[in-house]
Amino acid sequence: MRFLTKFVAAATDQAHFPAAVLPEIAFLGRSNVGKSSVINSLVGSKIARTSSTPGRTQAINFFEVRRAGEPKPQLWFSDLPGYGYARAPREVSGTWASFIEPYIKERETLALCIVLVDINVPPQDSDRQLIEFLFRCQRSFALIATKADRLSGNQRTRAIRELEAAYPEASILPFSARTGDGRDAVWRLMMDAIRAPES
Ligand code: GTP
Ligand code: MG
């Protein structure tokens with residue numbers, strides 16, 4: 001499947017969120033977990049900027065996604081700044097409270113929140129806090145355990161079990177932006193979410 005993507009806007013405050021017109025999928029997770037890489041892997045192009053330096057994405061970046069051959073775009077992706085990296089100055093000064101929380105709480109078209117965790121890293125308090133926040137806001141969410149290419153089959157199974165025990169309420173999919181593993185499963189999840197948003 002081929003996808004055509006277009007950058008829509010970057011927003012660092014609520015006033016600059018683009019008008020909500022299509023169902024949206026948000027990508028959330030700690031700094032450097034691979035949010036931008038997952039977006040690029042899903043669409044098969046390098047639209048979102050990635051970096052080995054944590055804290056690269058400082059705005060909410062909105063992208064329009066259209067399946068090749070379709071006359072109109074079907075959905076938007078939003079690539080969010082990461083959390084849990086204390087040296088990112090914007091985070092310390094309250095980026096989350098000022099515009100990311102309102103985005104998650106109030107964005108009318110937000111159909112699914114995809115929470116990324118690193119499959120190599122044990123469950124973290126910051127991720128737990130995000131998931132509790134999503135619960136409180138009654139947002140649908142799914143967990144993606146990314147960088148799965150770094151583990152062997154057995155290690156992978158063990159890591160997924162550990163995450164399932166930590167987050168029993170979430171569906172958890174292994175993923176690798178490097179190999180494309182998990183891509184089809186995540187697309188299925190997203191298409192289901194935009195067909196039945198917040199039902
Ligand atoms: P911030 O915007 O800073 O919060 O980071 P991010 O979550 O968007 O992470 P990004 O996609 O920029 O990736 C961070 C680093 O992880 C980069 O060096 C990527 O090459 C690496 N990375 C991302 N996904 C994968 C993956 O599936 N496998 C491996 N091995 N490395 C990955
Ligand atoms: Mg990023």
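Select α3 (95–106) and α4 (125–136): each supplies at least two residues of the lining of the second largest pocket. Helices here are DSSP runs of H or I with at least four residues, numbered from the N terminus. The model is predicted, so that local features need pLDDT of at least 70 and side-chain atom pairs count only at pLDDT 80 or more, whereas totals for chains, interfaces and linings use all residues. Residues are numbered from 1 along each chain as its sequence is written, chains are lettered from A and ligands numbered from 1 in the order in which they are written, and side-chain values use heavy atoms, with hydrogens and water left out.

**The second largest pocket**

Next, select Y83, W96, E101, S126, Q129, L130, E132, F133 and R136, which line this pocket. A pocket is found on a 1 Å grid over the protein atoms alone, as an open set of points where a 1.4 Å probe fits, with protein on both sides within 12 Å along at least five of seven lines; lining residues have an atom within 4 Å of a point. The largest share of the lining, six residues, comes from α4. Colouring by class shows four nonpolar, two polar and three charged residues; Ala, Val, Leu, Ile, Met, Phe, Trp, Tyr, Cys and Pro count as nonpolar, Asp, Glu, Lys and Arg as charged, and the others, Gly among them, as polar. The volume of this second largest pocket is about 200 Å³, taken as the space filled by probe spheres set on the grid points, which are joined across faces, edges and corners.

**The largest pocket**

Move to the largest pocket, with a volume of about 510 Å³. Of its 24 lining residues, select N32, G34, S37, S51 and K147, the closest to its centre. Helix α1 gives the most to this lining, with four residues. The lining divides into three nonpolar, 14 polar and seven charged residues.

**Ligand 1**

Now display ligand 1, whose space is the largest pocket. Of the 23 residues around the ligand (a heavy atom within 4 Å), K35, S37, T57, D149 and A177 come nearest. Helix α1 (residues 35–43) gives the most to this shell, with three residues.

Key: A molecule sits in a cavity or pocket if more than half of its atoms lie within 2 Å of its grid points.
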